[in-house]
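Please consult the sequence and structure shown here.

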Amino acid sequence: MLDSKTPEGPLADKWTKYKDHIQLVNPANKRSIDVIIVGTGLAGSSAAASLAEMGYNVKAFCFQDSPRRAHSIAAQGGINAAKNYQNDGDSVHRLFYDTIKGGDYRSREANVHRLAEVSTNIIDQCVAQGVPFAREYGGLLDNRSFGGVQVSRTFYAKGQTGQQLLLGAYSALSRQISKGKVTMYTRHEMMDVVVVDGKCRGIIAKNLVSGELERHSAHAVVLATGGYGNVFYLSTNAMGSNVSAAWKAHKKGAHMANPCFTQIHPTCIPVSGEHQSKLTLMSESLRNDGRIWVPAKKEDAEAIRKGAKKASDISEADRDYYLERRYPAFGNLVPRDVASRAAKERCDAGFGVNETGEAVFLDYASAIERYGNTEANIRGLKSQSQAEITALGKEMVKAKYGNLFDMYKQIAADDPYEMPMKIYPAVHYTMGGLWVDYNLMTAVPGLYAAGEANFSDHGANRLGASALMQGLADGYFVLPYTIGDYLSKDIRTGKISPDSPEFKTAEAEVQSRMDRLINNNGTKPVDYFHRRLGRIMWDECGMSRNEEGLKRAIQAIRSLREEFWKDVRVPGAINSFNPELDKAGRVADFLEQAELMCLDALERRESCGGHFREEYQTAEGEALRDDDHFAFVSAWEFTGDPGEAKLIKEDLVFENIELKQRSYK
Ligand SMILES: Cc1cc2nc3c(=O)[nH]c(=O)nc-3n(C[C@H](O)[C@H](O)[C@H](O)COP(=O)(O)OP(=O)(O)OC[C@H]3O[C@@H](n4cnc5c(N)ncnc54)[C@H](O)[C@@H]3O)c2cc1C
């Protein structure tokens with residue numbers, strides 16, 4: 001059984017009391033302590049900037065040419081915080097409650113409560129940095145709603161919230177770089193972590209431009225390396241997002257937690273063909289105003305698929321707004337797992353609306369009319385024609401969602417102001433990740449994980465706009481306390497040498513793996529294997545899973561892995577710029593991680609959140625949890641073979657929330 005190190009006491013006091021009692025490091029001692037942060041997305045940049053500001057010496061690493069290009073920049077819709085600016089009943093408790101319920105009761109109460117508590121500080125911090133959040137007419141910060149909640153608590157900057165937040169964190173980071181407190185290593189990939197006498201003391205990094213390996217030592221290491229959705233090949237993640245850093249840590253003793261909990265986002269542009277390597281998200285914010293539907297009659301759906309009818313040919317009475325029908329209380333704003341499954345159910349039943357039958361409509365016609373009428377009232381315009389109302393409505397929708405609509409138009413070659421968008425669920429986020437305790441420390445002392453790389457706060461399903469909140473909570477407000485408590489025991493340790501046998505061995509192992517890949521003389525490119533892996537994962541461990549399929553997937557992944565090592569071809573040289581070699585290393589890790597994901601999904605004989613086991617569902621087709629047997633975090637320990645990993649459980653104790661069948665009806 002794992003110890004989460006959750007502090008004692010009433011839930012709402014835990015974090016405050018914890019902060020009051022931790023060991024501190026005085027300013028002079030901080031100057032002699034080194035911390036490595038791998039990853040400079042929102043979680044890593046905020047952690048690096050904060051720890052450097054506090055006085056630690058920070059080395060930060062990312063594989064892009066600038067921290068500004070981390071995947072975080074892609075985040076569109078917004079960031080949650082329990083500010084209750086709308087006076088609609090929000091509170092820290094309600095954000096806590098929504099997150100636990102949204103995660104289908106598979107997350108740790110104390111962590112989630114802390115997240116809700118610090119959420120309000122994040123907005124203040126970002127505003128102070130100059131992040132241009134959207135504002136209302138009177139100048140106050142504006143909010144919108146995201147799925148799974150009945151309040152408006154999402155702060156946003158048009159459809160570019162991640163970008164603006166990252167620019168804020170990046171400016172804080174740049175300030176520390178210019179002061180010399182952070183040394184920034186761009187275009188460097190962490191290849192392994194180094195453990196000395198049971199503590200994480202550094203990393204082996206590869207300079208991706210020169211191909212050289214480097215040893216970097218520190219008193220503690222933070223992995224803020226993002227999520228692993230690209231194990232599915234097609235996902236909304238940035239092309240470079242990968243599991244390698246977390247997987248290397250797993251192989252060195254960190255546990256991988258709930259790896260099968262994957263989020264499939266309901267509003268993405270559907271797959272268009274075999275040659276595609278990337279999927280595009282249409283932000284969840286669009287579900288604030290858009291209505292999702294399919295034709296109620298199969299013959300209409302078929303006619304649309306064949307191009308004989310258009311969406312506008314289907315009368316109101318012949319449309320099935322299936323989310324509004326099935327979930328009247330939350331309607332189009334049900335959580336992502338629920339919305340995704342409902343779309344799949346309609347498409348599987350033959351109501352899909354694109355050529356492949358895997359798409360539903362996201363329609364803005366009624367929002368355009370509603371906004372048009374409101375705006376006409378505001379402007380005091382009388383007896384407007386329908387065309388004028390529509391034009392006004394389009395203007396308003398453009399102001400709110402313009403960049404998302406432009407993006408859709410460019411990719412789908414269809415005008416969403418005129419015709420409903422076609423959307424379908426796609427892999428988007430991984431709730432699983434490195435197991436961390438309350439301090440965000442993995443099972444390896446001195447090795448921390450933050451942001452999407454850890455498993456922490458979202459249980460089996462993350463609510464929209466909560467990833468940015470968690471990444472920034474970890475970096476700005478949690479790690480600066482928890483890591484200090486650990487480092488307070490290191491003030492007399494002195495510099496960590498990168499020349500110890502542990503560093504040399506780790507470096508030699510990295511080198512020999514690269515040698516093996518480059519000298520393999522196979523015949524197939526890396527993508528050939530990645531694409532096949534993605535297909536297996538999507539078919540057997542995607543939106544729904546069953547025992548037979550998962551067993552099949554495990555066998556298929558094992559033989560694909562064997563084939564990869566026999567037949568992969570990696571061109572180019574080893575000691576030079578070689579992105580294909582970098583990709584090969586990442587795909588090799590995906591081929592191992594995928595097996596663990598399937599094993600985890602197989603062992604969890606219940607349905608919860610994004611993990612839908614077909615054998616366990618209610619009569620209405622909803623996820624059926626088994627709290628008596630599965631109210632735990634699955635933390636997997638590496639034993640030499642991904643398929644032989646050992647399951648260690650962290651029991652989830654709910655003292656403040658009653659476990660219920662989730663209902664959004
Ligand atoms: C299209 C899209 C839209 C989204 N919109 C929202 C939204 O509106 N609201 C919300 O809350 N969430 C949203 N999310 C989720 C959210 O963007 C991510 O979960 C979050 O940004 C992850 O931040 P991070 O700092 O943990 O990781 P990332 O931003 O992924 O950063 C990872 C960092 O790690 C580095 N790295 C990785 N591996 C290595 C290695 N081996 N060596 C060195 N460096 C490494 C990378 O270079 C990078 O700097 C969205 C996600 C997508 C895909």
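The following paragraphs describe a predicted model.

**Ligand shell.** Around the ligand lie 45 residues, of which Gly 39, Gly 41, Ser 72, Gly 226 and Gly 451 come nearest. Two or more shell residues are given by each of helix H3 (42-54), helix H6 (161-179), strand E6 (188-196), helix H7 (244-251), strand E15 (421-430) and helix H13 (467-487). By class, 19 residues of the shell are nonpolar, 24 are polar and two are charged.

**Strand pairing.** Strand E15 also belongs to an open, antiparallel sheet of five strands in the order E11-E15-E14-E12-E13. Strand E11 (262-268) and strand E13 (319-320) are the edge strands, each pairing on one side only. Strand E9 (residues 220-223) pairs with strand E1 (residues 34-38) and with strand E17 (residues 447-449). The table sets out three of the pairings.

| Strands | Sense | Bridges | Residues opposite each other |
|---|---|---|---|
| E11 and E15 | antiparallel | five | Cys 268 and Tyr 424 |
| E9 and E17 | parallel | three | Leu 223 and Ala 449 |

Strand E9 is covered on both faces: Ala 220 and Val 222 are buried on one side, Val 221 and Leu 223 on the other.

**Helix H17.** Helix H17 is mostly covered, with 20 of its 25 residues buried.

Technical notes:
Residues are numbered from 1 along each chain as its sequence is written. This is a predicted model: local features need pLDDT of at least 70, side-chain atom pairs count only at pLDDT 80 or more; totals for chains, interfaces and linings use all residues. A residue is near a molecule or strand if its C-beta atom, placed from the backbone, lies within 6 Å of it. Helices (H or I, at least four residues) and strands (E, at least two) are DSSP runs, numbered from the N terminus. Ala, Val, Leu, Ile, Met, Phe, Trp, Tyr, Cys and Pro count as nonpolar, Asp, Glu, Lys and Arg as charged, and the others, Gly among them, as polar. Two strands pair if DSSP finds at least two bridges between them. A residue is buried if 20 or more other C-beta atoms lie within 10 Å of its own, exposed if 12 or fewer, and partly exposed in between; C-beta atoms are placed from the backbone.
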